[in-house]
Amino acid sequence: MPPGTARYWSWLFAAAELRAPLLGIYALGAEWQALTDPATEISVAHLKLAWWQDEMRRLAAGSAVHPICVYLTALPRAAAVDFTPLAAAVAAAAAQVSGAPLERSADLEPQSRALWGDPMALASRLAADVRDEAGLRDCTSALAAARYLSNAIRDYRREAQAGRVPFAIDELMAAGVDNDDLAADSPPPRLQSYLDGLRKRAAQYFETAAQMLPRAQRAGQRHLLVLAALGLARLNSLAPPSKPRRLKDLLLAWTTARRAH
């Protein structure tokens, strides 16, 4: 985990029992995120994701071969956890590489939950029994939707240049946004207005994530609150994503984790 990233701070200030599961889940996510990057050759990405889909079946069956998956199966609670949500995450990544757009706004939450929400919830289950599964799911689902929108706002131009549309088609049509608008060097007014609306939705998702986590779980799941706090701060910041304000992020992550604890 590169120092200064939100994942790094969430891991650093996570409850002790969650650090090992988070390391494994974040490592898997990094593998798939690299393959969904527009700079990755599509045929290579499809080939590798097909292998990962097979590996997720092996993981669920207890016969994993990749070092990350072997690491996960060696965790103390691995035998009590269902790893099948990770197969859905790989399938969602493959759909993204294929360029399959979100047809409707309602597709955002299922897609983002499969990509990131359910794997994050799985990390929590690998650490300990979860008292309130509904609260955990609501929190991780909101976090995943916020992350999806934040990434789309940041990277939509690169995605469009690669022939992908990260936004819901019905929303783009309603806003009068076309492919040329997405590929333009500077967003035209109608696209800028749409992006501003998405930024507000992403901020609401980050705030909802923090609210949905039951108070009794906040100490043990404080890494999720750190992700929400940092995500919201970076969404509202004008600092380039490649140059995070590390000292301010450190203080925000620390104070968030401290309050939760």
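Buried here means under 20% relative accessible area, exposed means over 50%, and partly exposed lies in between (1.4 Å probe, protein chains only). By that cut-off, the buried residues of H11 are Arg222, His223, Leu224, Leu225, Val226, Leu227, Ala228, Leu230, Gly231 and Leu235. This is a predicted model: local features need pLDDT of at least 70, side-chain atom pairs count only at pLDDT 80 or more, and totals for chains, interfaces and linings use all residues. Residues are numbered from 1 along each chain as its sequence is written, and side-chain values use heavy atoms, with hydrogens and water left out.

- Helices (H or I, at least four residues) and strands (E, at least two) are DSSP runs, numbered from the N terminus.
- The expected span of a helix is 1.5 Å times one less than its number of residues.
- Helix H11 covers residues 222-235, 14 residues in total. Its first and last C-alpha atoms lie 20 Å apart, close to the expected 20 Å.
- H11 is mostly covered, with ten of its 14 residues buried.
- Helix H3 (residues 42-61) has 20 residues, which should span 28 Å at 1.5 Å a residue. The distance between its end C-alpha atoms is 29 Å, which agrees.
- In H3, the buried set is Ala45, Leu49, Trp52, Glu55, Met56 and Leu59.
- Viewed down the H3 axis, the buried residues fall within an arc of 115°, so they line one face of the helix. The arc is taken from the directions between the helix axis and the C-beta atoms.
- Leu47, Arg57 and Ala61 are exposed on the other side of H3.

**Salt bridges**

- A salt bridge is a side-chain nitrogen of Lys or Arg within 4 Å of a carboxyl oxygen of Asp or Glu.
- Side chains of opposite charge can pair when their charged atoms come close.
- The whole structure holds 13 salt bridges.
- One of them joins Arg137 to Asp118, with the closest N and O atoms 3.6 Å apart. This pair links distant parts of the chain: Arg137 sits in helix H7 (residues 133-161) and Asp118 in helix H6 (residues 108-127), 19 residues apart.
- Arg137 is partly exposed, at 40% relative accessibility.
- Arg125 and Glu133 also meet through their side chains, at 3.0 Å from N to O. Arg125 is partly exposed at 24%, and Glu133 is partly exposed at 34%.
- Asp196 pairs with Arg199, the closest N and O atoms being 3.6 Å apart. The two are three residues apart in helix H10 (residues 189-212), so about one helical turn separates them.
- Asp196 is partly exposed at 34% relative accessibility, and Arg199 is partly exposed at 28%.

**Surface patch**

- Met1, Leu23 and Tyr71 make a nonpolar surface patch of about 230 Å².
- Patches are made of residues with over 30% relative accessible area and no salt bridge; like charges are joined within 9 Å, nonpolar side chains (Val, Leu, Ile, Met, Phe, Trp, Tyr) within 5 Å.
- Accessible areas come from the Shrake-Rupley method with a 1.4 Å probe; for residues, only the protein chains shown count as cover.
- Tyr71 belongs to helix H4 (residues 67-73). Tyr71 is partly exposed, with a relative accessible area of 32%.

**Cysteines**

- A disulfide is a pair of cysteine sulfur atoms within 2.5 Å. By this rule there are zero disulfides.
- Cys69 is buried, at 0% relative accessibility. Cys139 is buried, with a relative accessible area of 0%.
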